[in-house]
Amino acid sequence: MSSTAGQVIKCKAAVAWEAGKPLVIEEVEVAPPQENEVRLKILFTALCHSDVYFWEAKGQKPLFPRIFGHEAAGIVESVGKGVTELKPGDHVLPIFTGECKECRHCKSAESNLCETLRFDNDRGHMLADGKTRFSKNGQPIYHFLGTSTFSEYTVSHAGCVAKINPEAPLDKVCVLSCGVSTGMGATLNVAKPQKGQTVAVFGLGAVGLAACEGARMAGASRIIGVDLNPARFDRAKNFGVTEFVNPKDHDKPVQQVIAEMTDGGVDRAVECTGSFQAMISAFECVHDGWGLAVLVGVPSKDDAFMTNPMNFLNERTVKGTIFGNYRPRTDIPARVEKYMNKELELDKFITHSVPFSEINKAFDYMLKGESLRCVIRMGA
């Protein structure tokens, strides 16, 4: 048992006190894990666009002070009552959505939306008692997505933690806990393009490029990347993209441009921006009869998806996905093994690395569109 088990741990955390303001490195108190919880020592964490999105609090419910971060890797420090599948010393990936293995969703082959532990960006407390495990001078600090990995220590529900091969390099496989799995799974598990089919991907950030990589792995004949930033096009070639479309370059809707390029539309489209206009374009650019669009990006809370009902009657299909339909505890360890066996490339997604003391640089890189994933070295 850890020498700190059952005790409050004081550690450094990057606290967001206000929306859009630089994070502040503070000494915080992290309470022991309660029933069905684990306390983790975070060794590496990466900045995902979702962190930036909710930090800016544009179009979302603001909740501050808060510790962001949800794409990470670490080691179990201690476990709470009732935790049997994890023990101190285990190497793990905390995941922003969970798998209780007992509910209808977890027992269904058609869903990864655990009834108890599913993705909830509004919740800032732990499920066991409705309280936070973080505080500073007695003031509670809210959690983010049940992970809050911008802290040297954090507490997560055990059902949101995937135990992985202890030989796996944590500074690489940490990106599997959100972006890469989300994008790749959206293509491989949901869109499921057949070999030789055409795929359009909207948004060429890390999640979008992971979707492109999934299309490449599936044997797509054409992968059309759609983005407003032409600087992203050269990099996208390394992920299988064969053609590029910048909607700004055309005086007609981008879905019409793509339909004209592909004799009526692509076979599959994957939207990875969170823009409801891009979601509509992705759906309307797929071919009638068999076309399928998959929505990945998180929209603003008041957005609405609007399209002519004839698009459905003409046998176009739209689906959504959380975490690429992967089950965190069941599927993610196997993705780590694929990386270990050189069947999955991760290194090319990691473009920057900074010490924890310079975490705000990671935000700058992403806001300038310079990074895919910036890995943050905790304790540095």
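**Sheet and cores of a predicted model**

UniProt, in an unreviewed entry, lists residues 206–332 as "domain: Alcohol dehydrogenase-like C-terminal". The model discussed here is predicted.

Reader: What are the helix and strand percentages for residues 206–332?
Author: The span is 34% helix and 16% strand. Its end C-alpha atoms lie 18 Å apart.

Reader: And the open sheet, in what order do its strands run?
Author: Six strands form it, in the order 12-11-10-13-14-15, with parallel pairing. Strand 12 (243–245) and strand 15 (317–320) are the edge strands, each pairing on one side only. From one strand to the next, the twist averages 20°.

Reader: How many bridges join strand 11 and strand 12?
Author: Three, in the parallel sense. Strand 11 covers residues 222–226. Valine 226 has valine 245 in strand 12 as its bridge partner.

Reader: Which strands does helix 7 touch?
Author: Helix 7 (residues 254–261) packs on the sheet and touches strand 10 (198–202), strand 11 and strand 12. Its direction makes about 160° with that of strand 11.

Reader: What about helix 4, which strands does it lie across?
Author: Helix 4 (residues 179–191) lies across strand 13 (268–271), strand 14 (292–295) and strand 15. It runs at about 140° to strand 14.

Reader: Changing topic: how many residues are in the largest nonpolar core?
Author: It has 97, and Leu93, Phe150 and Val173 have the most contacts inside it. Helix 5 (residues 206–218) gives the largest share, seven residues. Another core, of 16 residues, lies apart from it and includes Val226 and Val257.

Reader: What does leucine 93 touch?
Author: Among others, Ala72, Cys160, Val173 and Ile332, leaving aside residues up to four places away in sequence.

Note on methods:
Residues numbered from 1 in each chain as written. Predicted model: local features only at pLDDT ≥ 70, side-chain atom pairs only at ≥ 80, totals over all residues. Heavy atoms only, no water. Pairing = 2+ DSSP bridges. Helix = DSSP H or I, 4+ residues; strand = E, 2+ residues; numbered from the N terminus. Axes fitted to C-alpha atoms, helices over the stretch in contact; angles between N-to-C directions. Contact = heavy atoms within 4.5 Å. UniProt positions renumbered as here; feature names shortened; annotations may be inferred. Core = buried A, V, L, I, M, F, W, Y, C linked by side-chain atoms within 4.5 Å. Buried < 20%, exposed > 50% of the residue type's maximum accessible area, 1.4 Å probe, protein only.
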